[in-house]
Amino acid sequence: MALLRPKEIREMSREERLEKLRELRAELARLRVQAHRGSLENPGRLREIRKAIARILTIEREEQLKASGAEK
């Protein structure tokens, strides 16, 4: 899986972002189990997934703030 760029995330619909977030969190949990067992092939993948999750959450928050700002 390639890196998720902020531009790509912003182009997704809210539902797509939430679905991607669920997928990434599931993969992160799976990789953490592998790391605990010592069978993790690419340790850098953990960091990559954590950053992708953070990017999605940041953009979700930006969208929330835009929506609440538009209401005022």
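Nine salt bridges turn up in this predicted model, counting a side-chain nitrogen of Lys or Arg within 4 Å of a carboxyl oxygen of Asp or Glu. Residues are numbered from 1 along each chain as its sequence is written, and side-chain values use heavy atoms, with hydrogens and water left out.

Two of the salt bridges involve E60. One pairs E60 with R14, with the closest N and O atoms 3.2 Å apart. E60 lies in helix α3 and R14 in helix α2, so this pair ties together parts that are 46 residues apart in sequence. Helices here are DSSP runs (H or I, at least four residues), numbered from the N terminus. The other pairs E60 with R17, at 2.6 Å from N to O. Here too the partners sit in α3 and α2, so the pair ties together parts that are 43 residues apart in sequence.

How do the partners sit relative to the surface? E60 is buried, with a relative accessible area of 6%, whereas R14 is partly exposed at 43%. The cut-offs are under 20% relative accessible area for buried, over 50% for exposed and in between for partly exposed, with a 1.4 Å probe and protein chains only. R17 is buried, as is E60.

In general, an α-helix has 3.6 residues a turn, so residues three or four places apart point the same way. E23 is partly exposed, with a relative accessible area of 41%, while K20 is buried at 17%.

Helix α2 itself has 24 residues and spans 35 Å from its first C-alpha to its last, close to the expected 34 Å. That expectation is 1.5 Å times one less than the number of residues. Which residues of α2 are buried? The buried set is R17, K20, L21, L24, E27, L28 and L31, and what covers these residues includes α1 (6-11) and α3. R22, also in α2, is exposed instead, with a relative accessible area of 52%. R22 and M12 are ten residues apart in sequence and 14 Å apart in space, C-alpha to C-alpha. Just after α2, G38 takes a positive phi of about 90°.

Then there is the nonpolar packing. The largest nonpolar core has 14 residues, and L4, L24, I49, I53 and I56 touch the most other members. Helices α2 (14-37) and α3 (44-71) each supply at least two residues of this core, with α3 giving the largest share, six residues. A core of this kind is a set of buried Ala, Val, Leu, Ile, Met, Phe, Trp, Tyr and Cys residues joined through side-chain atoms within 4.5 Å. In soluble globular proteins, nonpolar side chains tend to be buried together. Leaving aside neighbours within four places in sequence, L4 is in contact (heavy atoms within 4.5 Å) with I9, M12, K20, L24, A52, R55 and I56.

Terms used
Predicted model: local features only at pLDDT ≥ 70, side-chain atom pairs only at ≥ 80, totals over all residues.
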